[in-house]
Amino acid sequence: MLSGYLYMEKKKRRILHKKQILIAPFILVFCILGAVVFFISRKITIEMSESAIGNLSESLDLISNSIDAILKREAQFQKMIAKEIANAAKPEDFVLSYDRNDTMVKLSLILSGETVGISNTGEAFAEEELDFSAGKTVDGLPLSGSYINSMGTWAYTIRCPVIREGKEIASLYIEYIYDSVDDMFPGSFYNRDAKLYLMDAASERLVLKPKGIGERDAGHMSLDDFYYANKILETDIQENVAENIKNGKDVMFYHDIQNEASLIYMWSVNEGAVYLIGYVPVQAIQREGNAVNQNILIVVFVMLTAFTACCCLYLFFERQHDKIRKDQEQERELHNRQLQEALQTAQIANNSKTMFLSNMSHDIRTPMNAILGFTTLLEKDADNPERVREYTRKITASGQHLLGLINDVLDISKIESGKAALTIGEFSLDDMVSSIDAIIRPAAKAKNQSFEIAVTGIRHTRLLGDETRLGQILLNLLSNAVKYTQEGGSIQLRISGLRQHSSQYEHFRIEVEDNGYGMTPEYLKTIFEAFTRAENSTTNKVQGTGLGMAITKNIVELMGGTIEVFSKEGEGSRFVVELELRIPETKAEEPSGKAEGDARTPAAQKAEAECLRGRHFLVAEDNEINAEILSELLLIEGATCEIMENGRLAATRFEQAPPGSFDAILMDVQMPVMNGYEASRTIRAMEREDAGTIPIIAMTANAFAEDVKDAMDAGMNAHVAKPIDMELLKRTINQYLK
């Protein structure tokens with residue numbers, strides 16, 4: 001038995017030894033194959049990385065050369081214009097008659113021996129407005145540093161001498177914008193993994209970036225911001241980059257960005273006048289090499305397991321290849337066509353936006369004039385409490401109106417498309433007229449104009465309607481009257497009651513009349529169309545968006561009213577608006593002239609006034625100034641607060657605090673780390689009794705209806721828009737802390 005057992009054991013060992021001998025060659029072959037594959041993969045990775053870096057350099061050179069070509073083309077074009085000016089009898093007239101184009105937005109001329117010249121826009125021009133100290137040139141012509149022009153767009157200027165009969169008679173300055181350079185940027189750089197910006201070397205400001213690439217707007221970011229955002233904080237690296245930029249040399253180095261190895265590049269354009277800067281992750285550079293390595297492994301596997309099948313399918317795929325290629329070509333043509341159409345649509349939309357924003361400024365300047373004017377008076381009369389209160393009230397009224405204008409700008413697409421909705425609420429007609437008077441009267445006084453207001457025959461001064469929109473109607477009409485009326489003219493605002501069609505509605509007429517420049521019959525036909533403004537020798541100095549009357553008519557019709565205009569050139573204009581607004585039910589039966597105050601009982605009002613006293617709030621606010629203002633306002637009301645700089649800290653503080661520590665949470669929405677919506681959801685999901693009951697009130701500049709809905713969906717109780725109205729905040733808090 002023992003001998004038999006030993007024999008079997010020996011036999012098993014011999015079989016195992018033979019299997020090991022047979023397995024060894026296979027292991028050796030696979031090891032050799034693995035080593036070969038690894039060696040080839042490593043080599044391919046290195047070579048393709050070097051090739052990718054070379055391709056990157058070539059791409060940057062191509063973009064740089066393209067931008068150089070644009071700059072040289074502009075310089076050559078400017079030399080041609082300079083020759084035409086030299087041959088012109090009156091160079092100034094030639095400049096004034098020259099229209100701007102998509103990239104050349106301003107043409108200026110300074111005669112030799114003079115320091116101030118003229119621009120094609122009609123404005124005076126001085127070279128001291130520009131900076132040529134860097135000594136950069138384009139095709140031999142001096143090139144200024146980059147700057148933000150009057151349209152809010154980054155631009156640069158080229159200076160060219162005007163030579164007549166061998167003598168320099170003037171200097172020609174042409175302002176160009178970077179939009180033409182935008183086309184030189186690739187639409188997708190390394191599958192959008194790479195970042196690419198254009199930097200002005202003198203100011204080290206980023207003046208341009210391709211659409212859809214990067215995470216911050218160009219123009220609001222400097223080279224230091226680029227370093228800080230990407231944590232390139234090494235002094236030796238920054239000094240080396242600064243030295244190379246100073247000498248106009250290209251720079252390329254490796255650095256970790258967002259915990260990922262990356263290749264940073266700074267490529268000289270026009271001998272260092274501007275730089276292409278950005279970075280690309282090394283992984284993106286090696287992506288092709290990694291893909292090739294994976295393909296090698298797949299090929300080896302397929303060759304070992306499916307070689308015969310591949311041979312059988314080869315002919316089939318070969319026959320299908322031509323068909324697929326043709327289909328791909330057709331699809332590529334269709335795709336290119338769609339991209340071209342999308343690009344044209346985007347360009348049109350961008351041009352329209354630029355035009356609108358540049359034109360909108362005059363509507364904002366009127367309340368800004370009141371704010372700045374009364375601020376100056378406030379500083380002057382700081383020791384006079386009565387005047388301080390008066391100025392503060394007027395500044396508040398103007399600020400509220402300015403806030404309404406900003407909301408209108410953001411909502412302009414809805415107004416033009418007819419999708420705008422009215423915000424109906426109870427308001428005082430007398431208070432609204434007083435607010436309008438506080439805004440318009442300083443502007444009229446500045447032009448030595450008389451401004452008269454008459455309100456007659458109004459049966460009920462408290463009405464239901466959109467106070468902001470009605471105020472916008474009055475302000476549009478009156479601000480235009482001020483602007484289009486000469487110095488010393490007169491302006492009248494008349495609001496008169498009309499016969500009521502129903503006891504539930506107040507029927508009234510608004511008339512704005514001036515003795516200003518008036519309008520031509522031709523312009524009267526188009527006055528209510530968007531982007532139209534009277535143009536003549538008197539009025540073309542008045543700037544405007546051309547949207548005021550179109551918006552006014554849209555709002556009037558949205559309210560169910562009518563608007564008419566009567567005007568004669570040289571005699572003045574009269575606008576007539578008729579409206580019917582609903583009378584609040586509690587006021588409809590009151591006799592004319594009855595005082596209309598707060599409907600709440602006195603007890604309900606001492607309760608609201610004292611609702612904050614002794615309360616303790618948790619505040620989530622990332623803006624230090626806003627946090628300080630809110631803290632002081634609460635302190636004035638006898639309340640205290642703890643301020644957390646983001647939503648995550650606020651949620652953590654609430655979770656760690658004992659129940660009852662806070663009476664309510666005042667939550668900002670747009671915050672780093674965790675926004676207000678996420679923080680509210682986190683608090684509501686906590687397993688503690690007061691997590692579902694503590695009032696959470698949104699306090700944010702996101703003030704549209706959809707923002708209110710988002711706040712409610714996130715579990716908040718109420719929404720208060722910034723700037724904070726303490727009376728509204730107290731009413732809101734009082735509602736949830738009863």
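These questions and answers walk through a predicted model.

Reader: How many salt bridges does a search of the whole structure find?
Author: Side chains of opposite charge can pair when their charged atoms come close. The search covers the whole structure, and its count of salt bridges is 20.

Reader: Which residue meets E426 in a salt bridge, N to O?
Author: The pair links distant parts of the chain, 36 residues apart. E426 sits in strand β14 (residues 425-428), and its partner sits in strand β16 (residues 462-465). The N to O distance is 3.0 Å, and the partner is R462.

Reader: Is R462 buried or exposed?
Author: Buried means under 20% relative accessible area. R462 has a relative accessible area of 17%, so R462 is buried.

Reader: What does E426 count as, by its relative accessibility?
Author: Exposed begins over 50%, and buried is under 20%. E426 has 40% relative accessibility, so E426 counts as partly exposed.

Reader: How far apart are the closest N and O atoms of R574 and E511?
Author: R574 lies in strand β20 (residues 572-582), and E511 lies in strand β18 (residues 505-514). The two residues are 63 residues apart and link distant parts of the chain. They form a salt bridge, and its closest N and O atoms are apart by 2.9 Å.

Reader: Which residues do salt bridges that share partners join into one network?
Author: E511 and R574 form a salt bridge. Both belong to the network, whose members are R494, E511, E513 and R574.

Reader: Where is E624, and is E624 buried or exposed?
Author: E624 is in helix α18 (residues 624-636). E624 belongs to a surface patch of negative charge, gathered with D622, E628, E632 and E645. Its relative accessibility is 69%, so E624 counts as exposed.

Reader: How many aromatic pairs does a search of the whole structure find?
Author: A pair of aromatic rings is described by the distance of the centres and the angle of the planes. Searching the whole structure for aromatic pairs gives 6.

Reader: What kind of pair do the rings of F125 and Y173 make?
Author: The ring centres are 5.0 Å apart. Planes under 30 degrees apart count as stacked, and over 60 as edge-to-face. Here the planes stand at 55°, so the pair is tilted.

Reader: Which parts does the pair of F125 and Y173 tie together?
Author: F125 is buried at 4% relative accessibility, and Y173 is buried at 3%. The parts are 48 residues apart in sequence. F125 lies in strand β3 (residues 124-126), and Y173 lies in strand β8 (residues 167-177).

Reader: Which residues do ring pairs link into a cluster?
Author: F125 and Y173 have ring centres 5.0 Å apart. Ring pairs link a cluster of F125, F132 and Y173.

Reader: What separates the C-alpha atoms of N448 and G489?
Author: N448 lies in the loop between α11 (429-446) and β15 (450-456). N448 is exposed, with a relative accessible area of 60%. N448 and G489 are 41 residues apart along the chain, and their C-alpha atoms are separated by 7.4 Å.

Methods. Residues numbered from 1 in each chain as written. Predicted model: local features only at pLDDT ≥ 70, side-chain atom pairs only at ≥ 80, totals over all residues. Heavy atoms only, no water. Patch = residues over 30% accessible without salt bridge, like charges linked within 9 Å, V, L, I, M, F, W, Y side chains within 5 Å. Areas by Shrake-Rupley, 256 points an atom, 1.4 Å probe, with all protein chains shown as cover. Salt bridge = Lys/Arg side-chain N within 4 Å of Asp/Glu carboxyl O. Lys, Arg positive; Asp, Glu negative; His and termini not counted. Charge placed at Lys NZ, Arg CZ, Asp CG, Glu CD. Helix = DSSP H or I, 4+ residues; strand = E, 2+ residues; numbered from the N terminus. Buried < 20%, exposed > 50% of the residue type's maximum accessible area, 1.4 Å probe, protein only. Phe/Tyr/Trp six-rings, centres within 6.5 Å; stacked < 30°, edge-to-face > 60°.
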